[in-house]
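Open the model in your viewer and keep the selection panel at hand. The tour moves from one selection to the next.

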Amino acid sequence: MIEKVVDIQKLVEAVEEEVVEWRRHFHENPELSFKEFETSNYVFEKLQAFGSIEVSKVTPTSVLGRIVGSHPGKVVALRADMDALPIQEETGLPFASKNKDIMHACGHDGHTAMLLGAAKVLSQLKDELKGEIRFFFQHAEEHFPGGAAEMVKAGVTEGIDGVIGLHLASQIPAGKFFVCYGPVTAGTDAFDIEIQGKGGHGSAPFATVDPIAIGVQIVNGINQIISRKVDASKRAVISVTKFHGGTANNIIPDRVTLGGTVRTFDPEIRSQIPVWIEQITKGLTEAHDASYQLNYQFGYSSVVNEEKITALVDQTIVETFGESNRVIAEAIMGGEDFSAFSAVAPGCFVFLGAGSEKPEENYPHHHPKFDVKEKSLILGVQYYVQSALKFLNEK
Amino acid sequence: MIEKIVDIQNLVESVEMEVVQWRRHFHENPELSFEEVETSKYVFEKLQSFGNIEVSWVTPTSVMGRLFGRQPGRVIGLRADMDALPIQEETGLPFASQKNGVMHACGHDGHTAILLGAAKVLSQLKDEINGEIRFFFQHAEELSPGGAQEMIKAGAAEGIDGVIGLHLGSQGPLGKFSLCYGDVTAACDDFDILVQGKGGHGSEPNGTVDPIAIGVQLVNGINQLISRKVDASKRAVISVTQFHGGTANNIIPDRVTIGGTVRTFDPEIRKQIPVWIEKLTKGLTAAHDATYQLDYNFGYSPTINEENITSLVEHTIVETFGESNFVRSQALMGSEDFSAFAEVAPGCFAFLGAGSENPAENYPHHHPKFDVKEEALILGVHYFVRTSLKFLNEN
């Protein structure tokens, strides 16, 4: 057993240079959500080159790899997302994006490279594997309705017993793993409201239905939903982030548009918030002879880490990286479509720090200067390999 | 005396065709505020051709004509504005604007032609005139700070004892004169407010200073100033007509901009409103750790008709056009820079209906299909000729 552990350690170390090289390749050639053609081809070819992996295209830009072990057992899935963002890179890195206005500014280049590294390592352990490891190279995490739901619909999760994911985090020091039990990311929904008034001259408001006067009351109302309607023990956020109306100081506009985002964990509250928003909008527009249109878009569901698989992953992290590198963390209000996978099987999604110790050196995700420390990449490979093996070897 | 009246009647009638022709010329060749180069040249040359009138440039695009009577006496100013609007004409008239995006959509083409007609008539009556008639062909009524104050600064109004103006109204029935005692048009001021918050992710409002949440409270506050602060017997209007902030549903913006218009008659209230607006803005931004910038722009002062000259004008209208064509009316919340003339001498500003009896056929001022009935033009010539003679011949 000690021998094997040493073997795995060596196998992992052996892929480090390649993983860094792959990450730089993806970073230099980013592709937007649903357009990951070259990225998915690259992944497809690499997986095939490793041998021992059954490789298939799930959708036009997503890839599934399967290593079926020599012994029967459970099925564990490992997931990485591959898409980039519509951002013009400003890092000045030698391998900065060659594609104008497209950038890997959320670490998905690293995710893809790490999972490729894990696949290469695990492909060499086929004979010792009990059960099956599935690799989900997912497209379009950044763009609703998301790639995960498409992959699930295409059947990739059939028969899986657990699913494990990872996100690099630029604002956590490199090497620290953040593990949440229960909720990890929030349900992310969005709304757009159009208030149709009746425009006219600014000097004669009595002859108009002023949509700005109504809109500001609606925003005030929406901004009180959390404090007045939601149980204080439940986390939820509503932000009205857009308010647009008017073209000239002397003309009352015909309509205004409002928009915002809603983040929740509790499914009851998630389904109640659009009802409250509509009630406020309907009541206030009726009160002032205006009309409205509300478009409410349910986005990604909350990622919730299942207790047992999370305890297993947590233990693996502590054993592999030491207690000092494991932090039990609180959920974040951001969204993630890993939830589509963890909705069909017990899932665990953790964060791996890839930032400097000095917070001022780290740029947030989606920033034009976002970057990750490459020394974290090999830790991610180790995480995938050790968690998968532990999951399959457990009774 | 009867003979003279007949003479004047004949003289006025003899200019009708020319006045219509001039109006069509101006309509076809509109020029924007402060750019009335060709229009003012045309006026200058016509005035010179009439004889008996001293013609001079007041500013690069405004013209003054002076007609001295044989006997000494008082000085009366007659004023017409000459500028057009940045509107694409859609009337389909044979003499529609030849300039893309520029249109006489407020009747100033008619005003200029009418006053030219009056000058031609009056130039032939030099011997009957006691005192002086001054013709103010004013530029830039449509664009604050306006042409009127420039002409006054240049000395055009020095020594005048009264000033008379006229506005064609597309929504009043043809031939009806309406006149206000006291307030005619409102003071027109406007404001722009920038609320500077601190942007961030929509899922974490706690790390931001949300400028939309602050902006809506500010608009609610501003919308209560009239009902809570202004004496109900005073007319005043504040309209917030612009609210802009935000680019994406998941991003709380850094700032919002808010704009609006303020209409008042009472000078005290006019001065107080920006103080109240700033107090609200300062208090609400301070309460929420935001900052602000308020730009308050004082525009045209209210036009106020002085009692004696207005009564003289009323008599003239009733004598000339009959009681049935005279209406006493209420002040408008719109604005006019005739106020700058009426501030230096007793003034009277009347409205002359130039629309159809059927309201459905009339388009409002500043509309791309705005038009005036040309039958009104000769009535306007009469108005200027009769009121100025009456003013000068009164004891």
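Helices (H or I, at least four residues) and strands (E, at least two) are taken as DSSP runs, numbered from the N terminus. One caution before the first stop: this is a predicted model.

**Stop 1: chain A as a whole**

Select chain A. Its secondary structure comes to ten helices and 16 strands. Of the 395 residues in chain A, 53% count as buried. Now consider contacts in chain A between residues at least 6 apart in sequence: 80% of them join residues at least 24 apart.

**Stop 2: the cis prolines**

Select A:Phe144 and A:Pro145. A cis peptide bond joins them, with omega about 5 degrees. A:Pro145 sits in the loop between β4 (130–138) and α4 (147–153) of chain A.

Move to chain B and select B:Ser144 and B:Pro145. Here, too, the peptide bond is cis, and omega is about 10 degrees. B:Pro145 belongs to the loop between β4 (130–138) and α4 (147–153) of chain B.

**Stop 3: positive phi**

Select A:Phe34. Its phi is positive, about 70 degrees, although the residue is not a glycine. Look for it in the loop between α1 (2–28) and α2 (37–50) of chain A. Is A:Phe34 buried or partly exposed? It is partly exposed, because 18 other C-beta atoms lie within 10 Å, while a buried residue needs 20 or more.

Next, select A:Asp289. Phi is near 60 degrees, again a positive value in a residue other than glycine. A:Asp289 lies in the loop between α7 (267–287) and β13 (291–297) of chain A. It counts as exposed because it has 10 other C-beta atoms within 10 Å, and the limit for exposed is 12 or fewer.

**Stop 4: the contact between the chains**

Show both chains. The contact takes 36 residues from chain A and 36 residues from chain B. Which elements give two or more residues to the side of chain A that touches chain B? They are α5 (211–222), β10 (236–245), β11 (251–252) and β12 (255–264) of chain A. The largest share, eight residues, comes from β10(A). Colour this side of chain A by class: it has 17 nonpolar, 16 polar and three charged residues.

Now zoom in on β10(A) and β10 (residues 236–245) of chain B. The two strands pair in the antiparallel sense over three bridges. Select A:Gly245 to find one partner: its bridge partner in β10(B) is B:Phe243.

**Stop 5: the sheet across both chains**

Eight strands form an open sheet in the order β13(A)-β8(A)-β12(A)-β10(A)-β10(B)-β12(B)-β8(B)-β13(B), with antiparallel pairing. The edge strands are β13 of chain A and β13 (291–297) of chain B, each pairing on one side only. From one strand to the next, the twist averages 25 degrees.

Select A:His244: its bridge partner in β12(A) is A:Thr257.

**Stop 6: helices on the sheet**

Finish with helix α7 (residues 267–287) of chain B. It lies across β8 (187–196), β10, β12 (255–264) and β13 of chain B. This helix runs at about 170 degrees to β13(B).

Methods
Residues are numbered from 1 along each chain as its sequence is written. Chains are lettered from A and ligands numbered from 1 in the order in which they are written. This is a predicted model: local features need pLDDT of at least 70, side-chain atom pairs count only at pLDDT 80 or more; totals for chains, interfaces and linings use all residues. Two residues are in contact if their C-beta atoms, placed from the backbone, lie within 7 Å. Ala, Val, Leu, Ile, Met, Phe, Trp, Tyr, Cys and Pro count as nonpolar, Asp, Glu, Lys and Arg as charged, and the others, Gly among them, as polar. Two strands pair if DSSP finds at least two bridges between them. Axes are lines fitted to C-alpha atoms, for helices over the stretch in contact, and angles run from 0 to 180 degrees between N-to-C directions.
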